[in-house]
Amino acid sequence: MTDEFTTEIYYDDDADVSTLDDETVAVLGYGSQGHAHALNLHESGVDVIVGLREGSASRDAAEADGLTVATPDEAAKQAGYISVLVPDTVQASVYENAIEPNLEAGDTLQFAHGLNIHYGQIEPPEGVDVSMVAPKSPGHLVRRNYENDEGTPGLLAVYQDTTGDAEERALAYAKAIGCTRAGVIETTFQEEVESDLFGEQAVLCGGVTSLVKHGYETLVDAGYSPEIAYFECLNELKLIVDLMYEGGHAEMWDSVSDTAEYGGLSRGDRIVDEHVRENMEETLEEIQNGEFTREWILENQAGRPSYTQLRQAEKNHEIEEVGARLRDLFAWAEEEDTEDEEDDS
Ligand code: NAD
Ligand code: MG
Ligand code: MG
Ligand code: MG
Ligand code: MG
C-alpha cells in the first residue's frame, strides 16, 4: 500500500466561483439535492433559477426561500448551465420535453448521478458539456454543512467536454455548493454509477437490512424475545457503525470487549462467506451489463408492481412493528428525533 491516492482530489483553491459570473444556472427539481444546490449556489452569488412544474408542491417552498422559479422548460431556456436534480426515473422524460429543445452549443448539462447518461437513457448532442457534481451525502446535509461553513465531500466527472471548460465550470459549481471545502474526488460516470449501485445493493441498503433481518429471525425462531433480538441485531448497529465511521474497523474492534472481538473475528467470515461473495459478484455483473437498470426501467414503465410488493413485505416484517413499539417506549429515540428536527431547521 502506498499513501498516494490514485485519483485527483480538489479543494477550494482549485476552483473559482466567478467562472459562473455571466451564467444562469437552472436547478431542475427542489427535492433533497435540488433545494440544497439551489440555495447554496444562490448564497455563493450565482444566478439561479429553479425549474419546477406548474402546481408542484416544491414551488411554494422554493419561492418562500427567496428563489426565482419557472417551469423546467423556461428555466432550461434561460440557463446556459442546467443541473438535473429531478428523480433519476423521470430524468429521461424531463430531458426530452424540457431540456433538449433548449440546449445550445456551449451549454452545460450536469447531473448528480450518472445513471441516465451511463445507461444511454439520455443522449446529449455534441456541442454541450456534460458533467457531474455528486455530493456524497443527502441534500439536507449538503445544505446544513454549507450554512455551518463546513463542506460536503463530492465526486466530479466530465463525460463530454466540448468547450474545453467543462472541468473548470463543474469545479466552480462544486465550490459554490460547498463541496471543495471538504474535497472533491475526480471519477468517471461509469465508476460513479456502477460503484454507487453496487454499494447500495450489496452493502449499505440491501446487504445490511438483509443481515439484520436474518439475525433477528434466527434469535426469535430460537425462542429469544423479539425485543432483545431487536436491540442486539438492529439498534446496536448504529453504535458499531459510528465507531467504524470515526476510526475504521480498528476503532470498533478496540472499543468492543475482547470477547466480542474474538467472537466477531472468528465467526464473521462464516456468516458472510464465500457464497455471499459470489452473490456480490453476480450482483455487480448485473449492474455492469445493464441488466439491473433494464429491469428497473421496465419496472417503472409497468407502474412498479414488484417494487410495491417488495416495499409492502418489508413494512410487514415483524422487526418493523417491534422496533416502532420500542422506539415509542424508550426516551433515547425521542431525544434524537428532536435533535434532528432542530438540526434540520
Ligand atoms: P428528490 O426525489 O428528493 O427530488 C425530486 C424533485 O424533482 C422534487 O422537487 C420534485 O418535485 C421534482 N420533480 C419530480 N418529478 C418531476 C418532473 N417530472 N418534472 C419536474 N420536476 C419533477 O430527488 P433527489 O433525491 O434530490 O435526487 C435528485 C438527483 O440527485 C438524482 O439524480 C439522485 O440520484 C441524485 N443524488 C441524490 C442523493 C440523495 O441523497 N438524495 C445523493 C446524491 C445524488
Ligand atoms: Mg439554454
Ligand atoms: Mg444511489
Ligand atoms: Mg452485546
Ligand atoms: Mg478490545
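Axes are lines fitted to C-alpha atoms, for helices over the stretch in contact, and the angles between N-to-C directions run from 0 to 180 degrees. The views below are taken from a predicted model.

**View 1. Packing of helix H11 against helix H17 in the predicted model.** Helix H11 (residues 226–235) and helix H17 (residues 318–329) have axes 10 Å apart and pack at an angle of about 95°. Angles of 65 to 115 degrees count as roughly perpendicular, and H11 and H17 are therefore roughly perpendicular to each other. From H11, the residues Pro226, Glu227, Tyr230 and Leu234 take part in the contact, meeting Glu318, Ile319, Val322, Gly323 and Leu326 of H17. The contact of H11 with H17 comprises six nonpolar, one polar and two charged residues.

**View 2. The contact of helix H9 with helix H10.** The axes of helix H9 (residues 189–204) and helix H10 (residues 206–221) cross at roughly 5° and come within 3 Å. Angles under 35 degrees count as roughly parallel; H9 and H10 are therefore roughly parallel to each other. Glu200, Gln201, Ala202, Val203 and Leu204 represent H9 in this contact, while H10 supplies Gly206, Gly207 and Val208. Four nonpolar, three polar and one charged residue make up the contact of H9 with H10.

**View 3. The nine-stranded open sheet.** Pairing in this sheet is mixed, and the strands follow the order S1-S9-S8-S7-S6-S5-S2-S3-S4. Strand S1 (9–10) and strand S4 (68–70) are the edge strands, each pairing on one side only. Within the sheet, strand S7 (residues 129–135) and strand S8 (residues 154–160) are joined by six bridges in the antiparallel sense. Val133 has Leu156 in S8 as its bridge partner.

**View 4. The shell around ligand 1.** There are 23 residues around ligand 1, of which Gly29, Gly31, Ser32, Gln33 and His113 come nearest. Helix H1 (32–43), helix H4 (88–99) and S7 are the elements that give two or more residues to this shell. By class, the shell around ligand 1 contains 12 nonpolar, nine polar and two charged residues.

**View 5. The annotated span of residues 7–187.** An unreviewed UniProt entry annotates residues 7–187 as "domain: KARI N-terminal Rossmann". In the model, this span is 36% helix and 22% strand, and its end C-alpha atoms lie 7 Å apart.

Conventions
Residues numbered from 1 in each chain as written. Chains lettered and ligands numbered in written order. Predicted model: local features only at pLDDT ≥ 70, side-chain atom pairs only at ≥ 80, totals over all residues. Pairing = 2+ DSSP bridges. Helix = DSSP H or I, 4+ residues; strand = E, 2+ residues; numbered from the N terminus. UniProt positions renumbered as here; feature names shortened; annotations may be inferred. Near = placed C-beta within 6 Å. Nonpolar A, V, L, I, M, F, W, Y, C, P; charged D, E, K, R; others polar. Parallel < 35°, antiparallel > 145°, perpendicular 65-115°, else oblique. Contact = placed C-beta atoms within 7 Å.
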